Amino acid sequence: MTRKIFQSIIGVAVAVLLGSVLIVMGVLYSYFEEESMDQLRNEAAYAASGIETMGVEYLDGISKQDDSVRITLVAADGSVTYDSLMDERSMENHREREEIKAAVEKGEGSSARYSDTIDEKTINYALRLPDGSVLRVSRTQVSIWVLFQSMSQMIAIILAGAIILSCLIAYRLSRRIVRPLNEIDFEHPENTENLADYEEIRPLLNKLHLQNKMLQNEMDEREKMRREFTANVSHELKTPLTSISGFAEIIQDGFVKQEDIKKFAGKIFDEAQRLIVLVGDVIKISQLDEGCLPYEEEEVDLFQAAGEILQRLHDPAQERGVSLHLEGDHIIHQTVKPILEEILYNLCENGIKYNREGGSVTVTVRRGEDGAEISVKDTGIGIPKPQQERIFERFYRVDKSHSKEVGGTGLGLSIVKHGAAYLGAGVSVHSEPGQGSEFILAWRGKK
Ligand code: ADP
């Protein structure tokens, strides 16, 4: 940044210097041209009165005195009758010359002409005499280009000095501009005593402070969630492990009759299964959280995928007396199939688990307002309104004992929510206690 500011200042300084030199030279040159023209005018007036009193011979006298001035006398028809520099007989007719024409018409005229090499410029002043002839006085001066060339060495020295000075000033200035920015304490932007003089950076400091605060809150929130999650996981792991250990201890101590051993072994197996499911769910949540899943997107027939899930859940549904239905269209959608299956499995499994004897679960694949949609609707116990927002939280269960009884871990809907986000979809719930629930997985913006 310091370098950029430094370069900009130098750029502006050099441009201003060059511009100034050119403007000053231009102004000076035109001033001197004006001066020369005034001088010519005086000389012409002076020569005119001389001719009037002494005749044309008078001109020979003054051209000898000042050879930088050329005097020409042009007759009313344009023919040159006298010239201080050349033989007038060899000179062409001057009627059409700009200054002569103007003098004939208006009494006086002037013009400026560059020589062939643009090194010199001739300025002319013409004055009409009482007898109708025109007296022209000319002077040659160097062109602005030559003036510039002759002064170039001096200009270069001045420019070099000015540029060195500009560099020094620019260096100090750029460091001074950047200094307050370097002095910002990004971790504690509210500590601004050293920056009190810089009103302009106060909005930036305020914004930084606000962002730091937001970041800190977010980090605190994440840390809180992580701690809660760890505590919950430990608790959830401890319960089945305590049961397993308790059952095994009773068997080990010989308190269980031979015929009951099978029953206790079954309980140990059930608790171990719960542990396996729980650990599996925790792993899925962590993977979704970190977004490091080894899956690729593919074209999936959503109707067919839902059918496969219902097929897998056929037995548990039959055990609970719940019928399964599939409706809708074969919509092909680009998505990650294993995650979609996980979502649908959890939703349909919940639809079966939290249902009543003789109830049903219907999966419908359709096109929604913004894109593909899959609805999982059951005729189960429903979810009270106040709890509907919380069921997607980790380990949140409306009825803890019922959830445990039906083998829930409290992580299913959290996996659904994270999975949907991973797929670029959203999940919503509509439910009426005693009537049933409908969970809708909807993609936005993809028809
Ligand atoms: P669980 O493993 O306990 O089923 P979930 O995260 O899947 O955990 O669901 C959280 C809670 O939401 C469940 O404990 C249950 O109380 C409620 N719930 C989820 N799905 C349904 C449903 N289809 N009908 C009624 N309640 C449901």
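Which residues form a nonpolar patch on the surface? Ile164, Leu165, Leu168, Ile169, Leu173 and Ile177 do, with about 580 Å² of accessible area together. Accessible areas use the Shrake-Rupley method with a 1.4 Å probe. Patch residues have over 30% relative accessible area and no salt bridge, and nonpolar side chains are joined within 5 Å. A salt bridge puts a side-chain nitrogen of Lys or Arg within 4 Å of a carboxyl oxygen of Asp or Glu. Leu168 is found in helix H4 (residues 144-182). Leu168 is exposed at 53% relative accessible area, where exposed means over 50%.

This is a predicted model: local features need pLDDT of at least 70, side-chain atom pairs need 80 or more, and totals for chains, interfaces and linings use all residues. Residues are numbered from 1 along each chain, and side-chain values use heavy atoms, without hydrogens or water.

Two strands pair if DSSP finds at least two bridges between them. Helices (H or I, at least four residues) and strands (E, at least two) are DSSP runs. Another open sheet of 5 strands runs E7-E9-E10-E12-E11, with mixed pairing. Strand E7 (323-328) and strand E11 (425-432) each have a single partner strand, so one side of each lacks a neighbour in the sheet.

| Strand pair | Bridges | Bridge partners |
|---|---|---|
| E3 and E4 (residues 120-128) | 7 bridges | Ser111 and Asn124 |
| E9 (residues 360-367) and E10 (residues 372-378) | 7 bridges | Val361 and Asp378 |

Key. Patches are made of residues with over 30% relative accessible area and no salt bridge: like charges are joined within 9 Å, nonpolar side chains (Val, Leu, Ile, Met, Phe, Trp, Tyr) within 5 Å. Buried means under 20% relative accessible area, exposed over 50%, partly exposed in between (1.4 Å probe, protein chains only).
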